[in-house]
Amino acid sequence: MTIQFMTDSSADLPLFLQNKLHVEIVPLYLHFSDGQYKSGQTMDIELFHQKVKELGEVPRSAAPSPSDFYEAYKKIPPEKQILMLSISNEISSTYANAVAGKNMLLEEEPERVIEVLNTKTASCGICLLMHEANKKIEEGYAFEELVNHLTERIEQTATLFVLKSLDNLVLGGRLEKIKGKIAKTLNIKVLMKATEEGAIDVAEKVRGEKKSLKRFVDQIGEYTQNTENKIITMTYCRDKDRAINVLEKIRSTYAFYDAIIEESGPLISTYGGEGALVISFFKN
């Protein structure tokens, strides 16, 4: 393959897709009180949950530096064209640093071809775009055609979340303790979405587990029709049985021709917490 795919550790890619496209992953950093870890490299999902439990905290995350990206690009043979799919620029400085690293290398090796795309999503959203890239590679798309196609597809990507617990938002200081306690007492579940710009926004607050999951499934139809020509991707935090159950409800309601399900890595689990579900699909 003449194209080298890259992404960051916010992307929850199944192994078959990583291997098929030979994806290189540049890790984000996770800072616990006992030290710094590289998400997906020096910290896997089991160690992550162990640390959260032992230390009673969630980590702070930090983007890879421009130098991290420079080094990652530099390792790729110069004849390969690099396509980097980054987590949304609205929620991380990863994209900006990926571009800075690209410019650093291009000063030394101006003949290099490197494209960095702001996916405006993360997790299974990047998985959806990688799956699309794989399809187009199989159809014979050249590098420039692929970049243009994925740029269009980014604008058509819907990413929706449902949180089972607000504990990680409270632990991480993103939600006041008092609000977290009230939400827990009232059994309030939060539905979230990626905005058109790629920020994360609260879509709805629903009382009760069953109602929130029903609404999670129902809202798909507000974004897309003709699902028989589309796939859906899902990531889950810890509770696989619950995720499979929800995915079965989705597929009995909508005619997606295929689905990819994967456990979320340490980075996404930091924000979602146990029981969180994320789905992505292409809008009309």
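Buried here means under 20% relative accessible area, exposed means over 50%, and partly exposed is anything in between (1.4 Å probe, protein chains only). This is a predicted model, where local features need pLDDT of at least 70, side-chain atom pairs count only at pLDDT 80 or more, and totals for chains, interfaces and linings use all residues. Residues are numbered from 1 along each chain as its sequence is written, and side-chain values use heavy atoms, with hydrogens and water left out.

View A. Helices (H or I, at least four residues) and strands (E, at least two) are DSSP runs, numbered from the N terminus.

**View B. The ends of α2.** After α2 comes glycine 56, with a positive phi near 65°.

**View C. An open sheet of three strands.** The order is β4-β3-β5, and the pairing is antiparallel. β4 and β5 (60-62) stand at the edges with a single partner strand each, so one side of each has no neighbour in the sheet. From one strand to the next, the twist averages 30°. Three bridges join β3 to β5, and two strands pair if DSSP finds at least two bridges between them. Histidine 31 has arginine 60 in β5 as its bridge partner. α2 packs on this sheet, touching β3 and β4, and its direction makes about 25° with that of β3.

**View D. Helices α5 (residues 124-138) and α6 (residues 143-155) packed together.** They pack at an angle of about 145°, with their axes 10 Å apart. Axes are lines fitted to C-alpha atoms, for helices over the stretch in contact, and angles run from 0 to 180 degrees between N-to-C directions. Leu129, Glu132, Ala133, Lys136 and Ile137 of α5 meet Leu146, His149, Leu150, Arg153 and Ile154 of α6.

**View E. Serine 123 and strand β11 (residues 231-236).** Serine 123 sits in the loop between β7 (114-118) and α5, and counts as buried because its relative accessibility is 2%. Leaving out residues up to four places away in sequence, serine 123 touches Ser10, Ala11, Asp12, Thr235 and Ile268. In β11, six of six residues are buried: Ile231, Thr233 and Thr235 on one side, Ile232, Met234 and Tyr236 on the other. Six bridges join β11 to β12, and the two run parallel; threonine 235 has glutamate 262 in β12 as its bridge partner.

Terms used: Polar contact = N/O pair within 3.5 Å; in protein donor to acceptor, adjacent residues only side chain to side chain. Contact = heavy atoms within 4.5 Å.
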